Amino acid sequence: MVLPPKLRDLSRESVLITGGGRGIGRHLAREFAERGARKIVLWGRTEKCLKETTEEIRQMGTECHYFICDVGNREEVYQMAKAVREKTTKAFLPRMLELQNGHIVCLNSVLALSAIPGAIDYCTSKASAFAFMESLTLGLLDCPGVSATTVLPFHTSTEMFQGMRVRFPNLFPPLKPETVARRTVDAVQQNQALLLLPWTMNILIILKSILPQAALEEIHRFSGTYTCMNTFKGRT
């Protein structure tokens with residue numbers, strides 16, 4: 001008899017969410033709050049969105065703080081890291097290793113493993129983040145109490161991907177951000193290293209591993225991913 005995995009208790013945990021003011025980040029904050037996280041810290045670039053999310057989480061009974069931070073600015077990240085550490089002692093990896101407690105989550109994209117035309121910069125950055133997390137996850141195998149999760153979702157119905165179209169939308173409908181958030185927190189509590197959403201993306205990865213390039217190109221054309229960015233109107 002195989003016993004179900006023991007779920008990670010979030011009641012004593014502090015959660016830092018980058019991009020927490022809108023989209024999936026906002027839904028993640030809600031999900032962690034609903035599951036009893038002790039404290040939530042939000043990072044983002046737009047104060048209005050951060051403030052709205054913070055107020056919502058506080059109304060749910062969870063302590064919440066926000067900081068305006070552009071994670072693409074290295075110096076700004078270090079400044080905010082210092083500020084965050086004054087409110088929560090488990091914000092970053094060195095402190096996690098010292099305390100032997102923590103979990104790092106990278107909300108990535110399936111495009112990290114299967115790129116599409118018209119999104120070179122995006123696909124490149126996602127592939128780089130995936131390689132980083134893969135190396136980090138393996139490096140943490142002998143670090144008790146500290147784990148990592150990489151989430152690779154398909155097209156998500158947020159402002160960022162507005163206008164993106166595939167040939168068979170009923171077969172491959174866009175994911176709801178709340179679904180991605182719920183499944184992500186599930187993966188954290190179950191200590192799952194890799195999560196592809198939906199599960200059919202696992203088939204894509206298998207096909208990519210065994211089929212020749214010419215066959216993959218035909219699949220892209222048939223599914224519409226070859227031209228899906230032609231109608232793109234989302235945020236860049």
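Which residues make the nonpolar surface patch of about 610 Å²?

Analyst: The structure is a predicted model. In it, the patch in question is made by Trp199, Ile203, Ile206, Leu207, Ile210 and Ile219, and its area is about 610 Å². The element that gives the most to this nonpolar patch is helix H7, spanning residues 201–210, with four residues. Ile210 is found in that helix, H7. Because the relative accessibility of Ile210 is 60%, and exposed means over 50%, this residue counts as exposed.

The interior provides the context. In soluble globular proteins, nonpolar side chains tend to be buried together. Here the largest nonpolar core has 30 residues, and Ile17, Leu28, Phe32, Ile40 and Leu42 have the most contacts inside it. At least two residues of this core come from each of strand S1 (14–18), helix H1 (23–34), strand S2 (39–44), helix H2 (47–59), strand S5 (146–153), helix H6 (177–189) and strand S6 (194–197). Another core, of seven residues, lies apart from it; Cys106, Met133, Leu136 and Val146 are among its members.

Leaving aside residues up to four places away in sequence, Ile40 touches Val15, Ile17, Ala29, Phe32, Ala33, Ile57, Thr62, Glu63, Cys64 and His65. As for cysteine pairing, a search of the whole structure finds zero disulfides.

Notes
Residues numbered from 1 in each chain as written. Predicted model: local features only at pLDDT ≥ 70, side-chain atom pairs only at ≥ 80, totals over all residues. Heavy atoms only, no water. Patch = residues over 30% accessible without salt bridge, like charges linked within 9 Å, V, L, I, M, F, W, Y side chains within 5 Å. Areas by Shrake-Rupley, 256 points an atom, 1.4 Å probe, with all protein chains shown as cover. Salt bridge = Lys/Arg side-chain N within 4 Å of Asp/Glu carboxyl O. Buried < 20%, exposed > 50% of the residue type's maximum accessible area, 1.4 Å probe, protein only. Core = buried A, V, L, I, M, F, W, Y, C linked by side-chain atoms within 4.5 Å. Contact = heavy atoms within 4.5 Å. Disulfide = S-S within 2.5 Å.
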